[in-house]
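The following report describes selected features of the structure shown below, beginning with a pair of packed helices.

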Amino acid sequence: MQCGRPLLLRQPFAPDAFDLVILGCVNVIADEMNPARVAALRLGMGEAMTAFTVQINCGSGMQSIDTGYRTIRDGAADLILAGGAEALSHAPLVFSRGAVNWYARLFGARTLGARLSVLLGLRPAFFKPVVGLERGLTDPITDLNMGQTAELVGHLFHVTRRDADEYAAESQRRLAAAQHDGFFADEIEPAFARDGTVYDHDDGVRPDSTAESLAKLKPAFERPWGKVTAGNSSQITDGASWVILASEDAVTRHKLTPKAVIVDSEWAALDPSVMGLGPVYCSTPLLRRHQLTLDDVELWELNEAFAAQVLGCLAAWQDDEFCRDALGLAGAAGRIPRERLNVDGGAIGVGHPVGASGNRIVLHLVNAMKRLGKKRGIATECIGGGQGGAMLIEAV
Amino acid sequence: MTSTPARKPALAILGKRNRELGPFARDDARQESGPWAHWRMRTDEDGIVWLVFDRKDSSANTLSEPVLAELNDILGRLERDGPRGVVIRSAKPGGFIAGADIAQFRGVTDVAELEMLLSRGHAVLDRLDRLPAVTVAVIHGYCLGGGLELALACDCRIAVDDARFGFPEVLLGLHPGLGGTVRLPRLINPLAAMTMMLTGRTERARRARRLRLIDAVTQERHVRAAVRAAVNGDLRRSKQDVTGTLLNSGPARRLLARRMASEAAKRAPRAHYPAPYALIDLWVEHGGDAEAMQQAEIASFAKLLVGGTAQNLVRVFFLRENLKKLAGGEWPGRHVHVIGAGTMGGDIAAWCAWQGLFVTLADTNRNAIGGAITRAAELYGKIGRDNRLRVRDALDRLIPDLRGDGADNADLVIEAVPENLDLKRKIFAAVEPRMKPAAILASNTSSIPLEALRENLARPQRLVGIHFFNPVSRMQLVEVVGQDLAAPDVLAEARAFLGRIDRLPAPVKSAPGFLVNRALTPYLLEALVMLDAGMKKEAIDKAAKNFGMPMGPIELADEVGLDVCLHVADTLRGSLHRDMPEAPQWLKDKVAKGELGKKSGKGLYDWKDGRAVKSHEDVVPAADAADRLILPMLDACVTCLREGVVADEAVLDGAMIFATGFAPFRGGPLHYARTRGFADIHATLERLAAQYGPRFAPDPGWDSLPDPTPAAAAL
């Protein structure tokens, strides 16, 4: 609502002119099983607006754009509102399986005696809630949580604690500078709470972070020797993002000014325990399809789930054996210079509302390309469960 | 892809099929059947008679002599035919029955004739009550006054979800007069019954069910089954419980009556509002004897209706109808853009969103918008306590707009920034080119002439003043200010917009202070003069309250804000050729110190928890205090009439009542003057002028006012 209303407000067409609403959302709350449709109605887009929610974990916000892009390409729609939203602060506490079974027995019991006997089966452990969020961030196939997969990727590509902390400190510095220079003025909308509080910037930014200060933090996932800390990981936050996708027809009809063109997209999958390498697996074939090399891409948004994972991806592209055997290249793909990567910081500072991030990095890539006068860019993210998504964007 | 044509919402097509009218087709209530003008009758396949009330040539059902005469005729037929069950239902979309036709109350003077009329009505309802068939009232929407009395005469009441029940007679200076005072305290808890009748409050279906006023709450789709159950005796009917019966006993009645009377006195003094006390007396004396109570109700109602209070309040009812009519037809717009998120702008935006409009609230200060959203959420929390969805939707429609993008597509732009000509001009210059050519530009200014704002506008004909009062959600009146270049359709649209958001438009000419502030200012200034002369502020306020004002002038000045008062007074003094008392220096000092009244916690009074702290000692206002306060206000009203600031007495009286709360039971300032006698007012003003100064000199307009005017008296 908070970002959709101002976006629709500044359009020259009415909110009901859209053909479709697609929203990426991972943790759908029980009150709103199809948040895309709820958002469409609450945004005043009319009862006739079809809307569906997509979920591919951390890639959901990009999947909504991708699905919209393909729908328009197929000629099935002209104007689509595609977004991503996540309210991780609303993730439920869930009861354990044992407790659920006990409730079912209690409600199923017909006689007083039966009920009493069920009641006697009550165990204190039933009251210990399971944090839904924690379960959601753990891969069920390997039973590794996301932080652990980052530890593994970092380990496999020799990412040191110092590397990760330096990367994180630089990310924070870039975000703070971008906020200070007003680079988000046309991208981030203030959120107005009912109590009057105005949230006008992401408050996860820690501009005073240095590699030295971050070095003092304890590992968050694998104590005592782990390298992934709260400081060099993305923050778990709430957030939402929308982009408008239009066909050429719609652009002409509504006299729109396009910001960028989606050239192509790619999804890829790999072993869940090294899901952090997802960007490498999806971006590489995308480049190859268009006869491009890493150097041809002037700007990268590679979602910062974990510093170790981002650095792992960079290292993977410079690894002869990996590029040859895993990606089918002749040898190492090359190096992405830091000045082309996540130029205004990323999820380490602004946070990673899982369903929204994929959408946000595409939007930010477009805005950053425009600002810096760049022609070609890729937004890509790793996806819990062992996948990756990438989108190739060109300026108009 | 080709764009599909705009689709009609599903319920816009299907909604009309929802109403369950038994043997009558659901979507066509106009089918012919029976010889009556206002009623239609048919029997369904279960042998249940459906009696549909559809008052001819009226959008709402009200009870009148001919309507009841027809019902009487129908009851005769039902007595002969002897059906198992009879359903009474309204064919009007708005509700069941809105009450008695108030038009027939106007100008009634003959008590004996009135008692005859009432007795005939009672006889019809008693006949309905005695009918051997199971009688079922099926109620949707409003069910008020006489409508509720008719429902009470049925055996059974089934409500549809949206039904609302109430006895608003007390607001007209009356109490129920068709047996309601007899039947209600015997059906439900008498304490709840008396509360309903004393406050005039309406109760929603769920609460009415809890009160045992109705027997079932359901949806249209189950009305048929509910009626069948009621007629077959399968529906358990609500009955008074033991507590209720006990509370209706003599000693309990006497004890409770004392409490009720003292409660009533807090809100409506006996001298001004006799109805609540008459109702309490009725119950205490006759609560144990239905027949005697019925006779007493008729006599008491007749006595109240011919009295001054009821007649004046009936007048006020029609003054409101008159203002409503000025709103005219439907406003075609849906998007309002409000500039300035201060108290007025924020509250105007919140109110518009609450009333279903799409609202963008523009301000460059994001914290100001944040504050406005908070106030909106608080307001909605109060007025939408029972409607979570409406609160959510209203907050969704109230859109913070930091870039002012809303102006591009708005149908109406309302400026509500601080009273500074340059600032307003700058805003107009920026916003006008962005607006749709057919959109209206409005200013909420209270003191800047529209003619000054109009300069440099490309489309001055689309500029109008829409002047709200504080607090927007409670002050029903809004001044619509014209200027000589304004197009008539723009003024009409502005009035229609106010009708759309449930406010009353008062058209006024662009003149200093318009009508309301101009009339209030001498009243407030005189209070300050009296304060200066050493009178106690509590005494001054009491004089005004004794006259019937809802709040004394000192408290009002604090409520409005001393800075605002001072500003308005200075502007008026500067632009009117009229002797006005100078605002005392200490007041200016107070304002400079930031002691602004309620909003700063300290003004003329100290304020605690939103209330003025008053001394409790008994104060006796000077004998001429009320005249000193009220007559300058009346005089300013006459000036406004003479100068054509306001078109006629009906608009003037209505505006003053609904903007300032001017003693409603006096029927409005001009009506009061007329009742007291122009000669007396004139003489008193001259006497005050001789004693206190030329500011009391009567306006020449008094001489040219027709006294009395039959045309104006009709309203």
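In chain B, helix 11 meets helix 12 through Ala275(B), Ala278(B), Leu282(B), Glu285(B) and His286(B) on the side of helix 11, and through Ala292(B), Met293(B), Ala296(B), Glu297(B), Ser300(B) and Leu304(B) on the side of helix 12. Two residues are in contact if their C-beta atoms, placed from the backbone, lie within 7 Å. The residues of this contact comprise seven nonpolar, two polar and two charged; Ala, Val, Leu, Ile, Met, Phe, Trp, Tyr, Cys and Pro count as nonpolar, Asp, Glu, Lys and Arg as charged, and the others, Gly among them, as polar.

The model is predicted: local features need pLDDT of at least 70, side-chain atom pairs count only at pLDDT 80 or more, and totals for chains, interfaces and linings use all residues. Residues are numbered from 1 along each chain as its sequence is written, while chains are lettered from A and ligands numbered from 1 in the order in which they are written.

Helix 11 (residues 275–286) and helix 12 (residues 290–306) of chain B pack at an angle of about 165°, with their axes 10 Å apart. Helix 11 of chain B is therefore roughly antiparallel to helix 12 of chain B, the term applying to angles over 145 degrees. Their crossing is right-handed.

Helix 22 of chain B (residues 553–560) has seven of its eight residues buried, so it is largely enclosed by the rest of the structure. A residue is buried if 20 or more other C-beta atoms lie within 10 Å of its own. The buried residues are Pro553(B), Ile554(B), Glu555(B), Leu556(B), Ala557(B), Asp558(B) and Val560(B). Among the elements of chain B that cover them are the following.

| Element of chain B | Residues |
|---|---|
| Helix 20 | 516–532 |
| Helix 21 | 537–547 |
| Helix 23 | 562–575 |
| Strand 19 | 606–608 |
| Strand 20 | 611–613 |
| Helix 25 | 625–642 |

After helix 22 of chain B comes Gly561(B), with a positive phi near 110°.

Chain A contains 15 helices and twelve strands, helices being DSSP runs (H or I) of at least four residues and strands (E) of at least two. Its C-alpha trace spans about 75 × 55 × 45 Å along the principal axes. Of the 396 residues of chain A, 46% count as buried.

The contact between the chains takes 20 residues from chain A and 21 residues from chain B. On the side of chain A that touches chain B, seven residues are nonpolar, four polar and nine charged.

Notes:
Axes are lines fitted to C-alpha atoms, for helices over the stretch in contact, and angles run from 0 to 180 degrees between N-to-C directions. Angles under 35 degrees count as roughly parallel, over 145 as roughly antiparallel, 65 to 115 as roughly perpendicular and the rest as oblique. A crossing is left-handed if the near helix is turned anticlockwise from the far one by less than a right angle, and right-handed if clockwise. A residue is buried if 20 or more other C-beta atoms lie within 10 Å of its own, exposed if 12 or fewer, and partly exposed in between; C-beta atoms are placed from the backbone.
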